[in-house]
Every structure is written in C-alpha cells, then in structure tokens.
Amino acid sequence: MDKIKPSFRPGGKLAKLESVYDGMETFLFTPNETRSSGVHVHDGNDMKRTMITVVVALLPCLIFAMYNIGLQHFMAIGQPDAGVFSMLVFGLLAMLPVIVVSYGVGLGVEFIAAQIHHKEIQEGFLVTGLLIPLIVPINTPLWMTAVATAFAVIFAKEIFGGTGMNIFNVALITRAVLFFSYPSKMSGDAAFVKTDSAFGFGDGQVIDAFTGATPLGQAATNVGDQLSLVGVDGSPIGMCDAFMGTIAGSPGETSMVCILIGAVILLATGVASWRVMLSVFVGGFAMASLANAVPSATYPGSLIDPLQHLCLGGFAFAAVFMATDPVTGCRTHVGQYIYGFMIGVMAILIRVYNSGYPEGAMMAILLMNAFAPLIDHCVVSFNIKRRLNRAK
C-alpha cells in the first residue's frame, strides 16, 4: 500500500482515484495520524472500527438467518430432517446474491459520490450493506433490491451530506421503498419462504399443508376471537419457536436469541445506547399489554401475548440494531428514553390496529427519526430554563 500510495496522491497518474485508495488503506490499517492542535481525542478507534463492531454483532443473526432459510425451505418441501449442513448451505446460496447486490450497489454509489466531491469514502454503508439483506424478504427480486438500495443511499443519505448527516435510517428507507413500490413482493405467503431451489440445490415439491405466511401475517387475517399461529408445515407455533426464531420472516429478524447476543456485544463495547434499547422494549410491552387487556376480534393483533409480540416480526431486531443508530436518533439521555419508548408504543400500535400493515417497527422508527431533533431541542430547552430558574 505504501509503494503505490504516491500514484494516488496529487500529481500521480491515479490521482483521480485518491478517495478509493484512502478508503482501502483506512479499512485495512489503523490510522497513524492525529491532530497536532486543538481539543481532539487521540484514539486509533475510528468510525470504521465502530462499524466493524456492529457487523460482528450482526454475525449471529446472519448465520442463523442462513440456517433458518434452509430450515423453512426443507420443511416446506417435506424434508425437515435434511440436516443442519444442508440447511446452512441452502441459506448461504440464497442470501449470498442479496449481500453481493446490497454491498455492490451501495458501495458503488458511495465510491462515486466520494470521487465527485473529492472526499474520503464514507464508512457507514459497512453496516447498512449487511442490514438490508437481513430485513428484506428472501424472495425479493435482486433488481428490486438494487433499485431500492441505490435510491436510499442517494436520496436518504448523500443529498444530506453523507454518513452522519442523514435524517432517516438508510436500511429502513430501502425497505420502505420496496414496501410501497412493490407491495406484492414484500408481503403475503410467497415473500418470506424460499420454496424453489438455490442454484439447483434443494429441489423438491411443496407439501399440501404449506403456508408461507408469517405469524404476524396470519394474525392480521385471523377471523374470530381465537388466534392459532402455525409454521410452514402447519404445526403450531409456540413461544419457544418465536424466541428461537424457527419461524417464517425476514432473514435476520426471527431469532430473539441471536439478536440478544448482538445486543450484548453492542452494549459491552459501548457502541449502542442501553437507554434506547430498554425504552423500546418497555414501550412495546406496555402498548402490547394494553391492547391485550382489551382483546378484540376486529383487531386480531390484540390477541397476541405481550411477550410474544416482542419476539415476533422485526420488533427486537429494530430495537437493537436500528433504533440505536446514533445518527438518526436522539442524543440527550432524557431524549433517548422518550425516543425509544415512543418507537415501542408506535410499533405495536401500528401492528395491532392497522391490519393492512402487520409489521410496525419500520414505520415507527422512521416516524421517530423525524421527531428526534425536536425531542432533543425540547429537552435542552427545558434544561436551560430549569438552570436559569435555579440561578435566580
């Protein structure tokens, strides 16, 4: 890297690609430069290392996602005893193209933007590029994922100034674009369970009892005051299934166990705010308990147990990996409690009382992203007034 460095500096034959070189160098090596004046923290733990920590925290969800994609597939074709290795291989073959498209398109836009503006390549997409495959249904066509990713990076990030300047969570904007542009590919029985083969691996005929609807999708269409959730093979879904994640859903959002492992990593390294995480779950549980206290056949989501609500859909994944985004969330401590609590409340409120949209976590976070600056402003203004009154 040091030998080729002069070629990328001003005056070199590859000077126009200086941003590309800088991005690769800082990705591979810890920066050895610090400020010589002013008040700065002299630390080698830059933003790229922070992003890599989040990627590591996402790995348990990614590995389980591959296993669960294979599990749901082989259950759907009547081969539940196919073996863990076969399930992992099938899931890998199914997810790898989505990961490649996500990173390829997103980083491509980042590289182009850096070259146009003669800036360093932004590192924020290291996390976003992995979040997108984990929250997008496995059967979403690759070209749709590419279009939505490009749109989100350009219009939800780059036009605001790049990493650290965006108002909304980029991964959730990608999912929102897909949901509102191609709703038939983002919901229904055919979106969340891959029934066809992956590169010729895993051929089989779908069983008669097959249902590809997620538990929340089943709840939204339930009739009567009794709710019974079933898996892809027609077997009942219990609390243990919901907690472990062996159910249909977006790849990375099903396993509460893996999400909690990721939460421990983020909290232990100080990357994420425990205030936001805790308040999201408290708000969600409070709203789910309130809805469940007055169950109604008109709103079948109210029939779901409050604890089960927290395990189903993308609620827990959003609470740990998306609500804690420091760029789009609140900065003040009090604001973080309010921000997280309102996300939890809004997510369950949308999920229960809007049967046309059984998953509310995405909309709740995007809505509160818009209100985060206002919440912080109100908290700071209140503190200023309180201190002025104390000084009188």
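This text walks through a predicted model, from the overall fold to one glycine and then to the aromatic rings. Local features need pLDDT of at least 70 and side-chain atom pairs count only at pLDDT 80 or more, while totals for chains, interfaces and linings use all residues. Residues are numbered from 1 along each chain as its sequence is written, and side-chain values use heavy atoms, with hydrogens and water left out.

Start with the fold. The protein chain has 16 helices and zero strands. Both are DSSP runs numbered from the N terminus: helices are H or I with at least four residues, strands are E with at least two. The C-alpha atoms fill a box of roughly 70 × 70 × 35 Å along the principal axes.

Buried means under 20% relative accessible area, exposed over 50%, and partly exposed in between, with a 1.4 Å probe and protein chains only. Contacts (heavy atoms within 4.5 Å) reach along the chain. Among those between residues at least 6 apart in sequence, 70% join residues at least 24 apart.

Now look at Gly202. Gly202 sits in the loop between α8 (183–186) and α9 (215–220). Its relative accessibility is 11%, so Gly202 counts as buried. Leaving aside residues up to four places away in sequence, Gly202 touches His73, Phe74, Ile77, Phe90 and Ser197. Phe74 is 128 residues away along the chain, yet the two C-alpha atoms are separated by 7.5 Å.

Phe74 leads on to the rings. Ring pairs link Phe74, Phe90 and Phe201 into a cluster. Rings of Phe, Tyr and Trp (its six-membered ring) pair if their centres lie within 6.5 Å; planes under 30 degrees apart count as stacked, over 60 as edge-to-face and the rest as tilted.

The structure holds 13 aromatic pairs. Phe8 and Tyr21 are stacked, at 5.1 Å centre to centre with 20° between the planes. This pair links distant parts of the chain: Phe8 is in helix α1 (residues 5–8) and Tyr21 in helix α2 (residues 18–28), 13 residues apart. Both Phe8 and Tyr21 are buried.

Phe317 and Phe321 have ring centres 5.0 Å apart and planes at 45°, so this pair is tilted. Both lie in helix α14 (residues 315–322), four residues apart, about one turn of the helix. Phe317 is buried at 0% relative accessible area, and Phe321 is buried at 7%.
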